[in-house]
Amino acid sequence: MYLFFLTAPTWFSKLPILSDRIDPMVMDYVVWPLVQIGALLFVVLTLIAYLTLAERKISAWIQVRIGPNRVGPEGLLQPLADGIKLLLKEDLIPLKADKEIFVISPIIAMVAALVALAVIPWGAAWGTISNIDIGLLFILAVSSFGVLGIILGGWASNSKYSLLGALRSAAQMVSYEVAMGLALIGALMFTKTLALQDMVISQERLQIWNILFQPVGFLIYLISGVAETNRAPFDLPEAESELVAGYHTEYSGFRFSLFFIAEYANMLIVSAIAVTVFLGGWYLPGLSYLFAPGSTLFVLASIGVFGLKTLALLYLFFWLRWSLPRYRYDQLMELSWKWMIPAALANIVLTASFLVLGQELGLIVSQNNSLKFSIGGYVFLISTAFIITVPLIWIILGQINQRSRDFNLREVQPLPMNRKVNKNN
Amino acid sequence: MRLVGLEAVLFYLFAVVAVLFAVFMITARNAVHSALLLISTLVATAGLYLLVNAEFVAGVQILIYVGGVLVLFIFVIMLVNVKEEDTNMFTRQLIVGGALSFFLALGVIAILLQTQKGNFFTLVSPSAPKIEQVQSSSNISPSHNISQNTIKVGQELYTKTVLPFEIASLILLVAIVGAVHLARERKQEKIYD
Amino acid sequence: MINIFNYIAPILLQAEAISAPGIKDRVLEGLFNVNINNFLVLSALLFVIGVAGVLTRRNVIVIFMSIELILNSVNINLVAFSRYWFLQSEGKNAYMGEIFTIFVIVVAAAEAVVGLGIVIAFYRNKETVAVDEIDLMKW
Amino acid sequence: MTEITDITHPEIDTNEMILSMGPQHPSTHGVLRVVLKLDGETVVDLDCEIGYLHRGVEKICEHRNYQMIAPYFDRTDYIAAVSNGLCYVETVEKSLALEIPLRAQYLRVILTELNRLSSHLLWLATHALDIGAVTVFLWAFREREEILKIFENFFGARLTCHAFRIGGMTYDAYDGFQSQVKEFCDRFPKCLEDYEIMLNTNRIWLSRTVGIGIISADAAIDIGLTGPPLRGSGIEWDIRKAHPYECYADLEFDIPYGENGDTYDRYLVRMEEMRQSRRIILQALEKLPDGPIMAPKAPKVVKPPIGEYYHSIESPKGELGIYLVSDGSTQPSRLRIRPPSFINLQALRQMSIGHLVADVVAIIGTLDIVLGEIDR
């Protein structure tokens, strides 16, 4: 087996107290990953707790409210109070529920969400826990595993609302996973690897963020990511006005909080992947001038950059949730199958064509599993992405979907943007 | 090929999980339980793939089997609303079928033992190739110390096996069309026809 | 019982090893020296379990799952062979087993999709998923 | 509506699923129970079960004096308490042929129109919430709060407001009432624009409301829809114009009406009605005369002459009518309320069949029902 874990910083095996008693190899390959995992879990779980507070505060600001401000200064201890409340709540299992699955499904959801954290490149060098060959595939696989928790939880509750929520989420997540996977392929053509850390490194090498080559891919990924995490405006599996609480209607107390943590962890992962693949990960132009690459300060700064980018995307998630109404189920499916997936496919075809064209024109050189661009190559790819790919996909899809109205089961009316009521005195 | 130490322990762990849950799967009363147990078996199998350095296949296994096929299974079970089978879980051919499979098991294992005689439980000679151990060296660029499995599989897939690959995509297309045709309802048919 | 054991044991433990001293150590050492044969045995076991499921279960969905299990057991073999061949051939054509596995997974997915489509269509008409009630070619 | 079948106890059909929405459900606006027959998520049939909030108001009224009855009407449609009180006192005044002082009339109009605003704001809030726009919910509540503050100052109550008496008003306007209302009216159009920014150009909102719950003008008349649901279908019918009561004849306002009869049209109609209500309030404030607030001839003991009386007003939900049978005593012999929500709810089945569960929620929202009024 290969070593999945990245190397420890050089100072770690020379730590004063431990290095006398433990072999340096053990320090680097056993103790260090454990330290990393512990730190990651602590930081992420705390972050998730505070994300709930952030969401409540942000929603409060959007809605002209104050938000939680009772527990602790400015409500800063609110997550703690929430946690204690959820822990102390009575743990209800419905009489006719399928007990084993009812118990195990929140655990599946939560574990799947937390496992995916392991491969995310949080920072340069030792800032990342592990860098595996199939990084992106691993994330997609694990997140598709998390769907099971939701589906089984909804089914095991033996409630009609839960079942409807579970069925909705099954269909929704499976369809958006396709769009999500396809949206990432365009970016893979530039990074030429599935390993997430290598993706960041390739963007560092090209000194550019992939979003400039892949605006369509980024947009599709972001929309599918929102749908994949069951957030508004795609929160149909838990639409409170229709399905009460969807798949977790019957869950209470700690089991509910597991689902809750899983949702926020998934948001974190989706944002982190978007940052890694499209927004340059921990790479920020000029960062290597401030700090020597490989130094401890550089790694810490890279972790900070990554965190800031991720938090910015998370803010987008909150913002979307509190300002948009909810899609209907069939509209959601239509968006996925008629817009997202064709657009992603068209994006792949166009990106590949332009890459080949660029190579033919001599603007791009492909060697040793990595790309090298001349200045003209950058200009060529960015301009084709924005000037040709975006409008072309928009026009073609608009045309196709216009035509396909005849085949719709449900009548679709054109949306009036400026319909006015009549008035009569 | 030789797995020793921790890897051997992991092999047995995954193998025992796979076999046990497979047995539970065919004896579970509830179809959803069966599905969940099959998922466990498949995940254990993916672990085995990881042990023999087939990372890409392991990822594909979980992505497609667990995330796609088994979700579809559970979806269908919910759709057809299969309750626990309280009376007859097995067909009338339980004894015959069980006996047949038992003899099949005996036969397969006997053949294995016969053909692989001498390979079992013997110490592997020191000259046998060992599992690769790649030492990491650089702090900054880890790209060279991770497995190249995906790249290799991809290169072979798109060069030597292009034709089967295209045929596979054709199979998938046919399957999609067939499934849509089979599963659509009468009233949908009416609308389309 | 003792006789049967005496007959099977040599096959399981290999006859010449029984009389040798330190058999326990040798067996343990062999056991924790996993090679291709262990994969073959595991795959055979899973295969047989799958066959048993297909032959005995009534629920057609569980039968489908058993078929998936059978395909999966084949995949284990293919991947193990692939690795074996990689080490034997020093990397030539080494990934064919894994590629074949991917094809098997594709076929399994296609088969599951069509099969479940049939199940749904059948359930609409007969409201059952028990195989022994599916006994008419046309209704 | 003859083909209503009892679907609460159906034969089991494997393709269809019975989903009982309510009485405890976040979006049935109280304790309405809607039994849905679903094919997948498409509504095949539905039936409403009402009566969970039945208090027998009509029966109670038969055992109370005419003055004692009035507060009961604050509790039928508790969202539009002022309108309901107005309808009752006007019915009795009609039976007594009482002439109301002009100041009382103008005050009544201002208050009922304010009440219409608060009712429509609550409708907008819950309708938006049902479709998932949570922010509009709280924004609308912010403005409703202003109105409720005015009510609290005027009536001493926020929800069950009650100041109308047979023959006039109990209290006159408090000091600063006019300026407070004026201030609110000046601020209000900006708020309406805010809501419209959030909703009118939002593709999701449009795709959730356009073409949903269509009811044609003929069908609307057949069912007996009134209020915004009727006007949304293109019928220009408003009792304030058709049979003006109080001082509505002296005030200028438009009747908005839609064309398509879908949820979006009803939404637009209500939004425009809010603007018109503001216009009415501003005019009434300007014209508010001085003078008495109680008719001098108002009797202490109300004994309407023997006979049957019907009076209806345009409440925020539609035509609110009261049918009064008097036997000449101090208590009504029979009092029957025509609640607009009750009649409007009958359109739910026709509007929802063929739509999805999510649309049923939107349609319940667009009908703007209040269970206190339906169950009485």
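Predicted model: local features only at pLDDT ≥ 70, side-chain atom pairs only at ≥ 80, totals over all residues.
User: What makes chain D as compact as a globular protein of its length?
Analyst: Begin with its elements: chain D holds 15 helices and 9 strands. Its radius of gyration is 21 Å, and the globule rule gives 21 Å for 376 residues, so chain D is as compact as a globular protein of that length. Along the principal axes, the C-alpha trace of chain D spans about 70 × 50 × 35 Å.

User: How many of the residues in chain D are called buried, as a percentage?
Analyst: The cut-off is 20 or more other C-beta atoms within 10 Å of a residue's own. In chain D, 56% of the 376 residues are buried.

User: What makes up the side of chain C that touches chain B, by class?
Analyst: The contact takes 68 residues from chain C and 80 residues from chain B. On the chain C side, α3 (23-31), β1 (33-34), α4 (36-56), α5 (60-89) and α6 (96-126) each supply at least two residues. The largest share, 21 residues, comes from α6(C). By class, this side of chain C has 46 nonpolar, 14 polar and 8 charged residues.

Conventions:
Residues numbered from 1 in each chain as written. Chains lettered and ligands numbered in written order. Helix = DSSP H or I, 4+ residues; strand = E, 2+ residues; numbered from the N terminus. Rg over C-alpha atoms; globule rule 2.2 N^0.38 Å. Buried ≥ 20, exposed ≤ 12 C-beta atoms within 10 Å, placed from the backbone. Contact = placed C-beta atoms within 7 Å. Nonpolar A, V, L, I, M, F, W, Y, C, P; charged D, E, K, R; others polar.
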